[in-house]
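Below is a brisk report on one protein model.

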Amino acid sequence: MTPRQRPGLLLRLAGPLQSWGEHSHFNERDTAAFPTRSGIIGLLASALGRQRGQPIDDLAGLSLTIRVDRPGAVLNDLHTVGGGLPARATVTTAEGKKRTGDTGTLLTHRAYLADAAFTVALTGDTTLLHETRGALAAPHWPPYLGRRSCPPEGPLLLGQADDALHHLVHLPIAAAQPPTGHTKITFLGDQPLDQLPAPTVNPRPHDGAHPVSTVNDQPLTFDPRHRSHRSRPLYRRTLHLPAEQHSGLGIAHLESLTTYINTHLKTAERSGR
């Protein structure tokens, strides 16, 4: 194994709707433009069957690198809660009282990513990755993409690889094929991305070596009474990937993805859990 190789798992996060809360507060529920560390670590903890108050230090130590296959479009939804109910059945206030009259109906705004698709490399402790692979193949609780109302479509766990970042770059892209040439694909990570195994056509080999910003999505605990996060660096890199790597949508993409998985990746079915 060369110094650039990182063993890990490969995941596919795609579905009609996703929502990765970034600054969500009470009745305003936003979404980040990409899966957050908090959201993905929560997905892993759920698959492993961990209760919200249990430690997540080991999962929080894993590294995530995200490829943006399709960024999707932001969809805003308006919800009402408590309208048309008798006073005894309305939403309870902070003081423990019941809302009445014009205050009985609450409005909430919720944002989603519609028709987005991401491929994720999960790297770190190999023993934990092996346990996580088994959990994702047979999750304790159903996985979801940020919110319970957003189930994933198609395969979530693609497989395991000795060089996860290589396959993150080369896996079929879930997007329509451009007419000719190469297209720009964005990669996001919590560690420097200048060591990504980029195709030779890509300029600026040290792009992604420094963080472009910080995001407050590193979870410390999911305990409902003490839920907290801290900030971490965000690295971004753009690669020019060949047009033929785009495998289209729907059945065409799933067939191309299945061929790649069966040829290059270790799956739970073929190598045991």
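## Basis and overall make-up

Helices (H or I, at least four residues) and strands (E, at least two) are DSSP runs, numbered from the N terminus. The model is predicted: local features need pLDDT of at least 70, side-chain atom pairs count only at pLDDT 80 or more, and totals for chains, interfaces and linings use all residues. Residues are numbered from 1 along each chain as its sequence is written, and side-chain values use heavy atoms, with hydrogens and water left out.

The protein chain has six helices and nine strands. Its length is 273 residues, and 45% of them count as buried. Buried means under 20% relative accessible area, exposed over 50%, and partly exposed in between (1.4 Å probe, protein chains only). The accessible surface comes to about 14,000 Å², with 54% belonging to carbon and sulfur atoms. Such areas come from the Shrake-Rupley method with a 1.4 Å probe; for residues, only the protein chains shown count as cover.

Contact means heavy atoms within 4.5 Å. Among contacts in the protein chain with a separation of 6 or more, 78% are between residues 24 or more positions apart.

## The largest pocket

A pocket is found on a 1 Å grid over the protein atoms alone: it is an open set of points where a 1.4 Å probe fits, with protein on both sides within 12 Å along at least five of seven lines. Lining residues have an atom within 4 Å of a point. Grid points are joined across faces, edges and corners, and a volume is the space filled by probe spheres set on the points.

The largest pocket holds about 1,200 Å³ of space. The elements giving two or more residues to its lining are α1 (37-48), β5 and β8. Helix α1 supplies the largest share, six residues. In total, 40 residues line the largest pocket. Nearest its centre lie Ser38, Arg52, Gly146, Phe222 and Arg227. By class, the lining has 14 nonpolar, 16 polar and 10 charged residues. Here Ala, Val, Leu, Ile, Met, Phe, Trp, Tyr, Cys and Pro count as nonpolar, Asp, Glu, Lys and Arg as charged, and the others, Gly among them, as polar.

Arginine 227 sits in the loop between β8 (213-221) and β9 (228-242). Arginine 227 is partly exposed, at 46% relative accessible area. Beyond its neighbours within four places in sequence, arginine 227 is in contact with Ser38, Arg52, Thr221 and Phe222. Glycine 53 is 174 residues away from arginine 227 in sequence, yet the C-alpha to C-alpha distance is 9.0 Å.

Aspartate 115 belongs to strand β5 (residues 106-123). Aspartate 115 is partly exposed, with a relative accessible area of 45%. Its phi is near 60°, a positive value in a residue other than glycine.

## Arginine 37

Arginine 37 is part of helix α1. Is arginine 37 buried or exposed? At 4% relative accessibility, arginine 37 counts as buried.

Its side chain makes a polar contact (a pair of N or O atoms within 3.5 Å; within protein, one must be able to donate a hydrogen and the other to accept it, and residues adjacent in sequence count only if both atoms are side-chain atoms). The partner is the side chain of glutamine 218, at 2.5 Å. The side chain of arginine 37 also reaches the backbone oxygen of leucine 62, at 2.9 Å. Setting aside neighbours within four places in sequence, arginine 37 is in contact with residues including Asp190, Asp217 and Arg232.

Histidine 253 lies in helix α5 (residues 250-264). Histidine 253 is buried, at 4% relative accessible area. A 2.6 Å polar contact joins its side chain to that of serine 247. Outside four places in sequence, histidine 253 is in contact with Arg12, Pro172, Ile173, Ala174, Ser247 and Gly248.

Alanine 243 is in the loop between β9 and α5. Alanine 243 counts as buried, at 5% relative accessibility. Its C-alpha lies 5.7 Å from that of proline 178, 65 residues apart along the chain. Leaving aside neighbours within four places in sequence, alanine 243 is in contact with Gln177, Pro178, Thr180, Gly181 and His182.

## Leucine 196

Leucine 196 is in the loop between β7 (182-189) and β8. Leucine 196 is buried, with a relative accessible area of 5%. Not counting residues up to four places away in sequence, leucine 196 touches Leu165, Val169, Phe187, Arg237 and Leu239.
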